[in-house]
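I open a notebook on a structure I have not looked at before.

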Amino acid sequence: MLDSAFTLGVWTIDNNTHNGILEAGAGYGGEWTRDASINAWNVASLFRPEVAEKSLWSVTEDSIRIGHQYWDKIIWTIAAWNHYKVTSNLFFLEKAYSCAELSMSELEQQYFDKEYNLFMGPAVFQDGIEAYPEPVYDKKKWDDSFVLHHPHSDSIRCLSTNIVYYQAYLSLAQMANILGNEDQEYLNKASSLKESILKNFYDKKHNSFYYLIDHKGFRHKYQEGLGISLVLLNHILDTKQAKMMVKHLSLTPYGIPSISPSFPRNSKEKPGRHNMMIWSHINAFYANGCAENGIEDEFYRELNNMATLAMRNGQGNFYEIYTIDGEPSGGWQCGSLWDKKEHQTWCATGYLSLWVRQVFGLNCDENGFISLSPKGMQDGSECILSDIHYQGSDITISVIGHGPKMSVTVNGHPTSDTHIYPNLGKVHYHITLSEK
């Protein structure tokens, strides 16, 4: 099942590529900045670098500034920095830095709230009103799905959005450093924003995070699945705190829900499209975040969940959304059940990222090298990743065993070097993991 889901994931990428652009999935086009960015960031920059690059530029305004929905479009910066690390394309980096720098400057001027030292606007990817409690949701506008059509939704402050800005600042600093520009200002802004995230969203007493602060300054203590995942990925908490937080999360048999608990206007029979539903691209962010903090049981559980949702419950299909019982669904919004969407790219790339980053442990750095830190399979069984083309290297990686100790052979010869370099030609890394 796990292997079949991997094959399906690669097929989904190629099936959703049209005119060289990786689109969101069946029933959608390719016009969302967040989709293009998340897909490139997950695996597309490694698996299909030319497609990823064209897709990233396709959601900009003439490569001058990042385009489309303002509140989360800065996620493009994170994807662009990752794309450079994978490709070592300095020409791309120069253009991307200029585009991201201008966009960040404009967003700071228009949407930065100096009172809270936070960015305003809806949550990442949550453009549907069923992602929001009252009073952000205006029941008089119950038939209008777009979040910004509801009063005051542009002046809320959300956990996920602000962590994306934090990571974007760090990405800008790293870009600047490579290009020989000043990076300290961005590092300072990142540090300041992290402090504000902890000050305004972190509930120290319960070791948990608020979802959003509304226009009246009220903090809504709902669990935002993507926000929590980004907390883990960006090490907003230390490892001990992160592990304790995860122990007390509200989870379902099929993974972390989008927003929980259910809003009073929704029910299990009619779950809100963005509320108490499983968006499996969030599962992937959460699983990667758990893995980065050494929470391996949760990582492997979500790896299995994503494969199960696609191959068994979805019958060979990465659907966009599932109920908490694991059934494909579009969820309820504006009084009706929305269509379920098939073959969603960010669900597929999210699943593939769990294998690439964690099971096989491929992590690119700014020097153009891949460092190897595989976790392998939980039961120690062998897994093989082949046909990875990376800057002139044709890579096969096999991993067997489980545990922190790693021994490596390259084309049959032992080595202590745990990096993959460009221009190696055809190369096979065999990695054995053990407890001692």
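Entry 1, a helix start. I began at the start of helix α5, where a side-chain oxygen of asparagine 89 comes to within 3.1 Å of the backbone nitrogen of phenylalanine 91. I note for all entries that this is a predicted model.

I looked up the extent of α5 and found residues 90-111, 22 residues in total. From first C-alpha to last the helix reaches 30 Å, close to the 32 Å expected at 1.5 Å a residue. I then listed the buried residues of α5: Phe92, Leu93, Ala96, Tyr97, Cys99, Ala100, Ser103, Met104, Leu107 and Tyr111. I set a general point beside the list: an α-helix has 3.6 residues a turn, so residues three or four places apart point the same way.

How many of the residues of α4 are buried? I counted 12 of the 13, and I put the helix down as mostly covered. Among the buried ones are Trp76, Trp81, His83, Tyr84 and Lys85. Serine 88 follows α4 and has a positive phi, near 60 degrees.

I stepped back and found 12 helices and 25 strands. The radius of gyration is 21 Å, close to the 22 Å that the globule rule gives for 436 residues, so the protein is as compact as a globular protein of that length. The C-alpha atoms fill a box of roughly 70 × 50 × 50 Å along the principal axes. I also noted that 58% of the 436 residues count as buried. The protein exposes about 17400 Å², of which carbon and sulfur atoms supply 49%. Of the contacts between residues at least 6 apart in sequence, 69% join residues at least 24 apart.

Is tyrosine 300 buried or exposed? Its relative accessibility is 6%, and the cut-off for buried is under 20%, so tyrosine 300 counts as buried. Leaving out residues up to four places away in sequence, I found that it touches Lys375, Gly376, Met377, Gln378 and His402. With lysine 375, the side chain of tyrosine 300 reaches the backbone oxygen at 3.3 Å. I also checked alanine 287, 13 residues away along the chain, and its C-alpha is 7.7 Å from that of tyrosine 300.

I traced an open sheet in the order β18-β19-β24, with antiparallel pairing. β18 (362-364) and β24 (419-420) are the edge strands with a single partner each, so one side of each has no neighbour in the sheet. β18 is joined to β19 (residues 370-372) by 3 bridges, and asparagine 363 has serine 371 in β19 as its bridge partner.

Which strands pair with β22? I found β25 (residues 425-434), antiparallel to β22 (residues 405-410) and joined to it by 6 bridges. Lysine 405 stands opposite serine 434 of β25. I also found β23 (residues 413-415), antiparallel to β22 over 3 bridges, where histidine 413 is the bridge partner of valine 410. β22 and β23 make a hairpin with 2 residues between them, and in the turn asparagine 411 has a positive phi of about 50 degrees.

Key:
Residues numbered from 1 in each chain as written. Predicted model: local features only at pLDDT ≥ 70, side-chain atom pairs only at ≥ 80, totals over all residues. Heavy atoms only, no water. Pairing = 2+ DSSP bridges. Helix = DSSP H or I, 4+ residues; strand = E, 2+ residues; numbered from the N terminus. Expected span 1.5 Å × (residues − 1). Buried < 20%, exposed > 50% of the residue type's maximum accessible area, 1.4 Å probe, protein only. Polar contact = N/O pair within 3.5 Å; in protein donor to acceptor, adjacent residues only side chain to side chain. Rg over C-alpha atoms; globule rule 2.2 N^0.38 Å. Contact = heavy atoms within 4.5 Å. Areas by Shrake-Rupley, 256 points an atom, 1.4 Å probe, with all protein chains shown as cover.
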